[in-house]
Amino acid sequence: MNFQLTEEHLAVQQAARDFAQNELLPGVIERDTEQKFPKDQIKKMGELGFMGMMVDPKYNGGGMDSISYVLAMEEISKVDASVSVCMSVNNSLVCWGLEKYGTEEQKEKYLKRLAAGEIIGAFCLSEPEAGSDATSQRTTAEDKGDHYLLNGTKNWITNGNSASVYIVIAQTDAAKKHKGINALIVEKGMPGFVVGKKEDKMGIRGSDTHSLMFTDVKVPKANRIGDDGFGFSFAMTTLNGGRIGIASQALGIAAGAYELALTYSKERKAFGKNLSEHQAIQFKLAEMATKIDAARLLVHQAAWRKDQRQDFVKAAAMAKLFASQIAQEVTTEAVQIHGGYGYVKEYHVERLMRDAKITQIYEGTTEIQKMVISRELLK
Ligand code: CAA
């Protein structure tokens, strides 16, 4: 068993770390406070190849493996999880799904620009009454011969306003239940497509999360991904990979908070010595570091299995379940170690603690991960 990262992996990790420190750290508090989308930062990430990391170079991607991707995700998430969620959705949910299941025409028209980071994408599954219960899609895509007529509302859509391309999951034939669902590529600006209100969120406040409304939107048949009725399977398969991205985001949030707490403990004095010289703090640091290492092993295992073309459904759900759980615990402890300073924005850990929570909710709640894992165990 080899735990050694390759030279290429180390180079990607370093590039992401440098980018996060130099380009994301300045301004991260302001973006969080003002709920400002990191438009310029995402543009630069596109130029550096972080928005389509795993896509084949012939479609303008980086041609990298999933290990490179999770390494980059971890580094970016240590500093700005609002940026990394945009990166994760574009890489894992939009580019990956299009490359794997899209037609050549769709790849030429959409994937090339998405992978290059010229435009960004959104993945639209959740609805006001269909979050975890994703088979209960109310958005309809009525078959009209050469096009679908799309009607309905999507909720909590990451990149909701900043995206140009949206993969929308909708019900075509209700009698067929989940086998009557389709995945359609919808462009911003198509008549009848309106971006709704922006959510005022607890965390990842720099990312733009919106509801979307579709009223008689004509979507050409050429924009359907896969065969008729493939949409739910497409969504589930894509989310399996997406969970590796969100697991690495949770890992990064935890690792970022831990690194800040470690540094602080060596600088701050209490009762005549550094915090790090108190056993109460040493034990906290030891627990935090152990949890982070365990989460990293699960994340890398899931990414490795995906790269090896092995079944990774259980591994991805386990990585997300565990990493999102320890992200809660580690960020809370990081705030505790910082004491009063931890409760104010300047020291970053309060933001990381707020950001951590969403990793237990999106791309499948904690409970959904347990469902996925137990089904895999019992099948
Ligand atoms: N991988 C592949 N296929 C899967 C799957 C998986 N993990 N889970 C289910 N399926 C397939 C099943 O095989 C079945 O297909 P067949 O009939 O062809 O065999 C079909 O999906 C339906 O499965 P179930 O009957 O088991 O459906 P269910 O309703 O009991 O439960 C579920 C399915 C796993 C709970 C699913 O609804 C689910 O994953 N829900 C969570 C949805 C989710 O993650 N939403 C996140 C929104 S996206 C997001 O957050 C992005 C963002 O902005 C950051």
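Helices (H or I, at least four residues) and strands (E, at least two) are DSSP runs, numbered from the N terminus. Serine 211 belongs to one of them, strand S7 (residues 209-220). This is a predicted model, in which local features need pLDDT of at least 70 and side-chain atom pairs count only at pLDDT 80 or more, while totals for chains, interfaces and linings use all residues. Residues are numbered from 1 along each chain as its sequence is written, and side-chain values use heavy atoms, with hydrogens and water left out.

With a relative accessible area of 9%, Serine 211 is buried (under 20%; exposed is over 50%, partly exposed in between; 1.4 Å probe, protein chains only). Leaving aside residues up to four places away in sequence, Serine 211 touches Lys154, Asn155, Val195, Gly196 and Lys197 (contact means heavy atoms within 4.5 Å).

## The second largest pocket

Let's turn to a pocket: on a 1 Å grid over the protein atoms alone, this is an open set of points where a 1.4 Å probe fits, with protein on both sides within 12 Å along at least five of seven lines, and lining residues have an atom within 4 Å of a point. The second largest pocket has a volume of about 530 Å³ (the space filled by probe spheres set on the points, which are joined across faces, edges and corners). It is lined by 16 residues, and Asn2, Phe3, His300, Gln301 and Trp304 are the closest to its centre.

Helix H8 (residues 279-307) gives the most to this lining, with seven residues.
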